[in-house]
Amino acid sequence: MEKKRANGREAFKDRGERKQSLCPVSGKCGGCQFVDMPYKEQLKKKQRQVEELLKEYGKVKPMIGMEEPAHYRNKVHAVFAFQKGRGIVSGIYQEKSHRVVPVENCLLENQKAGEIIQSVRELAKSFKLKAYDEDSGYGLLRHVLVRVGHMTGEVMVVLVLGSPILPSKKNFVNQLCKLHPEITTILINVNNKRTSMVLGEKEQVIFGKGFIEDELCGRRFKISAKSFYQVNSVQTEALYAKAAEYAQLTGKETVVDAYCGIGTIALAVAGQAGKVIGVELNKDAVRDAVTNARINQIKNVDFYQNDAGRFLTQMAEAGEQVDVVFMDPPRSGSTEEFLGALLRICPKRVVYISCEPETLARDLKYLTGKSGYRVQEITPVDMFPFTGNIETVTLLSLKNDTPKLEVTMEVTVDSN
Ligand code: SAH
């Protein structure tokens, strides 16, 4: 009995000690709000949150969780800073500040990526590179971004510099690749602006092909440094499977994939549709999407670089027919322009993927008003274990789908 108590958490309380967190920097980082909560509890908590916010719109199914939730992030970012007594450090910004908290081992991040970041930091010390100072604007090394292909194991390293020249570039690349032979490409990205954005405009490939490839839903995808790619590959497959199930495609439909990124959803469902139209604002992502269609020899998909709202409005004005719309906007949600155009086009089904339940609730309110849509079902998918972020996929279908059916029946009766 005594022994059992000493091993349990109660023992800490008894001795008046602070509970030990799983992560030594959790108090400062703020990235993992639920770091010390058992995973099942996390799922329950998120489920409750989704239900509170969204159940007035429709049925909320149980959240799809992960079997192995640790180290899921395939994209890892670290910021560099100089700290007295420590020299150059790598880590993350302290919550709501620009102070850098050094990080050695993060529960969320791909471990290989974490090791590469440590090597970049140690090499930077031996090459006497200076960390960029946000206040003065002096120094070279600002951030490092590592992307790992979950299925392919290809690794991209992006060194974000305050100016374009990396001294002893060749040597630096050779040493980094020697330490980590799994690295397949290295880029320099130049960000000389006083901004909180990580990546700047200019890019230079200094090793390999300049992008990585990964596999998702049986397709191969090219991913550039600046393109959006879901950070949790295991859960992305679960999310897309649910989205495809909701779309109920039969092979004939005209489908829009709005906010399509590098075309992952469009290409995953192309085999079940007649035609797919993808629209995305980011130029690099659209370029990747076009290449991805070619790599996978998919011919019934077209990608357009445009604002999704403007594009859909043009489609509505041209009187285009669309059967199903997938939409996966950023955290800010969609726009009135997009939603208004959606109500004019009236696709039979809308599959709305959201990474922010608050903006989803706002958009559902708009879409379910008066004659619009009905929410059939909402499934939360845990894309971001240990954090408070919540992803959902929602199926909406037209409220007035039935009258249309009646019209068809009348026609049938008349023709008899
Ligand atoms: N469906 C993709 C990407 C989702 S992330 C996937 O699952 O991988 C949201 C995407 O919306 C990003 O690629 C972003 O560049 C894009 N985006 C943001 N604002 C946009 C807008 N106004 N019009 C079109 N695309 C936009």
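A pocket, on a 1 Å grid over the protein atoms alone, is an open set of points where a 1.4 Å probe fits, with protein on both sides within 12 Å along at least five of seven lines, and its lining residues have an atom within 4 Å of a point. Grid points are joined across faces, edges and corners, and a volume is the space filled by probe spheres set on the points. This is a predicted model, in which local features need pLDDT of at least 70 and side-chain atom pairs count only at pLDDT 80 or more, while totals for chains, interfaces and linings use all residues. Residues are numbered from 1 along each chain as its sequence is written, and side-chain values use heavy atoms, with hydrogens and water left out.

**View 1. The second largest pocket and its lining.** The volume of the second largest pocket is about 490 Å³. Its lining comprises 24 residues, and those nearest the centre are Ala 81, Phe 82, Ala 131, Tyr 132 and Asp 133. At least two lining residues come from each of strand 1 (75-83), strand 2 (87-93) and helix 5 (111-126), where helices (H or I, at least four residues) and strands (E, at least two) are DSSP runs numbered from the N terminus. With 5 residues, strand 1 gives the most to this lining. Sorted by class, the lining has 12 nonpolar, 5 polar and 7 charged residues, with Ala, Val, Leu, Ile, Met, Phe, Trp, Tyr, Cys and Pro counted as nonpolar, Asp, Glu, Lys and Arg as charged, and the others, Gly among them, as polar.

**View 2. The salt bridge between Lys 222 and Asp 288.** The structure holds 20 salt bridges, each a side-chain nitrogen of Lys or Arg within 4 Å of a carboxyl oxygen of Asp or Glu. In the one between Lys 222 and Asp 288, the closest N and O atoms are 3.5 Å apart. Because Lys 222 lies in strand 9 (residues 219-223) and Asp 288 in helix 9 (residues 283-295), the pair ties together parts that are 66 residues apart in sequence. Lys 222 and Asp 288 are both buried (buried means under 20% relative accessible area, exposed over 50%, and partly exposed in between, with a 1.4 Å probe and protein chains only).

View 3. The side chains of Glu 215 and Arg 220 meet at 2.8 Å, N to O, and Glu 215 is partly exposed, with a relative accessible area of 32%, as is Arg 220 at 26%.
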